[in-house]
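I record here what I looked up, one topic at a time.

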Amino acid sequence: MNIRILELIEGAQAARGLTVIIDVFRAMTVEAYVINNGAKDLIPMGSIEDAYRYRDEHPGTLLMGERGGKKCEGFDFGNSPTAVKDFDFTGKTVVHTTSAGTQGIANATHASEILTGSMVNAKAIAEYIKKSGADEVSLVCMGLAGVKNTVEDRMCAEYIKAMVEGTSFDPAPWVEKCKTDDGKKFFDPEKQEVFPETDFHLSVEADRFDFVLRVVTGPDGLMHTVRV
């Protein structure tokens, strides 16, 4: 099994084989909480306009996402795990669009299979990869807006890779590095409305969930994130 760690939009475009699109802060963490809380359907989309259009055509759909970290205008939720962790999504269809994570999904056009990647279900992802029998695995760190490398996504990729290969990896020192890298915004008192500190802690918590999220193409031609 050849495991490659790739970076950013270019990495998603270069990904081959079983591909994991990693976005710890915060897209893929949020998706895990939404699925865990009962969402009937979760649809990742690249553009805000497509999200609006889908809701217009399917009343009752919840829109979730951000640009520049801030909740998109007219959306029901931003991209905060704090905001969704206790919300009951049972029976709801959720459309999700973000600056990095969902862009990675949209750009991974050469992948044979796509999983979403986060710390909260990293162990489950590693177990899935080991059982998959895949010859090639691409772990794509989406970073900040898909254009800047970040510590948290690299941490997640290295953690998953180590578990697949049976080597040791301690996320704790990396978590500390996150506090001075992209994660520092969560500790800024002036940014708590958009980046609450609780988002940091919820996002770096390892292995909270025991399921994997797989992105599949539905009969409608759209991508859907499903629990496996």
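Entry 1. I looked up arginine 214 in this predicted model and found that its bridge partner in S10 is valine 226.

I then checked the strands themselves. S9 (residues 213-217) and S10 (residues 223-227) run antiparallel and are joined by five bridges. S7 pairs with S9 in the antiparallel sense as well, over two bridges. Between S9 and S10, which form a hairpin, I found five residues. Glycine 221, in the turn, has a positive phi of about 85°.

Entry 2. I turned to helix H6 (residues 122-132) and asked which of its residues are buried. They are Ala122, Ala124, Ile125, Ala126 and Ile129. Their cover includes strands S2 (17-22), S7 (111-117) and S8 (136-141), together with helix H7 (151-165). After H6 comes glycine 133, with a positive phi near 75°.

Entry 3. Apart from neighbours within four places in sequence, isoleucine 129 is in contact with Met1, Leu18, Val20, Val137, Leu139, Ile160 and Val164.

Entry 4. I looked up the largest nonpolar core and noted 33 residues. Ile22, Ile129, Leu139 and Ile160 have the most contacts inside this core. The elements giving two or more residues to the core are S1 (2-7), S2, H6, S8, H7, H8 (171-178) and H9 (197-204). H7 gives the most, with eight residues. I also noted a second, separate core of 18 residues, including Leu42, Met64, Val120 and Phe209. In soluble globular proteins, nonpolar side chains tend to be buried together.

Conventions:
Residues are numbered from 1 along each chain as its sequence is written. This is a predicted model: local features need pLDDT of at least 70, side-chain atom pairs count only at pLDDT 80 or more; totals for chains, interfaces and linings use all residues. Side-chain values use heavy atoms; hydrogens and water are left out. Buried means under 20% relative accessible area, exposed over 50%, partly exposed in between (1.4 Å probe, protein chains only). Helices (H or I, at least four residues) and strands (E, at least two) are DSSP runs, numbered from the N terminus. Contact means heavy atoms within 4.5 Å. Two strands pair if DSSP finds at least two bridges between them. A nonpolar core is a set of buried Ala, Val, Leu, Ile, Met, Phe, Trp, Tyr and Cys residues joined through side-chain atoms within 4.5 Å.
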